[in-house]
Amino acid sequence: MRPKPFRPQPLENSSFVRDATNGLVWFRCEMRTLYIDTDRSQVVYHSNYLKYFEFSRASLMRETKYPYRQIEEDGFVYPIIKTELNYYSPLYYDDLMYIHIRPGKLERVRLQFEYLITKAEGGEISCTGFTRHCAINEKGIPVEIDPQTLRLWQEFPDS
């Protein structure tokens, strides 16, 4: 099943866009595929989309002034406990893509990020998905989500 159209409209002076289709706000970063990302059929190998998801997550955290490195230094770790990826249109070597991310479901010890990757040229949706994370401390024990990460959910535009 094809996804609903995605029509991003840049928000003034920011890295955020609003989807004109449903009004949702997304953080957007861009990346170009590398030759090492492709497989023998010359398309981006499916697992590399998780790498693109991580790139956008790190970019969002860095832009909101709480980089993941700082989260770990503060004693929190957020391993992925579940992923979902839906592929629609392949990316090829040297394609410029936009990676869109937004905070998703938030629970006491778990949180989720939503993703949408489009080709920069033409805006065709390449992949959608999510990653779900669990907050743990340095001993691996589940803990409540730290206040700085909660701030991202509270301050994300239109959240």
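**Ground rules.** I am working from a predicted model, where local features need pLDDT of at least 70, side-chain atom pairs count only at pLDDT 80 or more, and totals for chains, interfaces and linings use all residues. I number residues from 1 along each chain as its sequence is written, and side-chain values use heavy atoms, with hydrogens and water left out.

Entry: I started with the pockets. On a 1 Å grid over the protein atoms alone, a pocket is an open set of points where a 1.4 Å probe fits, with protein on both sides within 12 Å along at least five of seven lines. A lining residue has an atom within 4 Å of a point. For the volume, points are joined across faces, edges and corners, and I take the space filled by probe spheres set on them. The largest pocket comes out at about 300 Å³. I found 19 residues lining the largest pocket, with Asn22, Trp26, Tyr115, Leu116 and Thr128 nearest its centre. Two or more lining residues come from each of β4 (80-87), β6 (110-119) and β7 (125-134); the largest share, 4 residues, is from β7. Helices (H or I, at least four residues) and strands (E, at least two) are DSSP runs, numbered from the N terminus. By class, I get 9 nonpolar, 5 polar and 5 charged residues in this lining. Here Ala, Val, Leu, Ile, Met, Phe, Trp, Tyr, Cys and Pro are nonpolar, Asp, Glu, Lys and Arg are charged, and the others, Gly among them, are polar.

**Entry: second largest pocket.** Its volume is about 260 Å³. Of 14 lining residues, Arg57, Ala58, Met61, Tyr68 and Ile71 are closest to the centre. I see two or more residues each from α1 (48-63), α2 (68-73), β6 and α3 (147-155), and α1 gives the most, with 5 residues.

**Entry: aromatic pairs.** Rings of Phe, Tyr and Trp (its six-membered ring) pair if their centres lie within 6.5 Å; planes under 30 degrees apart are stacked, over 60 edge-to-face, and the rest tilted. I count 8 aromatic pairs by this rule. Tyr49 and Tyr87 are edge-to-face, at 5.3 Å centre to centre with 70 degrees between the planes. Tyr49 is in helix α1 and Tyr87 in strand β4, 38 residues apart. For burial I use relative accessible area: under 20% is buried, over 50% exposed, and in between partly exposed (1.4 Å probe, protein chains only). Tyr49 is buried at 3%, while Tyr87 is partly exposed at 41%.

Why is the pair of Phe53 and Tyr115 stacked? Their ring centres are 4.0 Å apart and their planes sit at 5 degrees, so the pair is stacked. Phe53 is in helix α1 and Tyr115 in strand β6, so the pair ties together parts 62 residues apart in sequence. Phe53 is buried at 0%, and Tyr115 is buried at 2%. I also noted one aromatic cluster of Phe16, Phe27 and Phe156.

**Entry: charges over rings.** The rule is NZ of Lys or CZ of Arg within 6 Å of the ring centre and within 35 degrees of the ring normal. Arg28 has its charged end over the ring of Tyr98, 4.1 Å from the centre. Arg102 lies over the face of Trp26, at 5.9 Å from the ring centre.

**Entry: Thr118.** I placed Thr118 in strand β6, where its relative accessible area of 3% makes it buried. Leaving out residues up to four places away in sequence, I find Thr118 touching Phe6, Met97, Tyr98, His100, Gly123, Glu124, Ile125 and Ser126; contact means heavy atoms within 4.5 Å.
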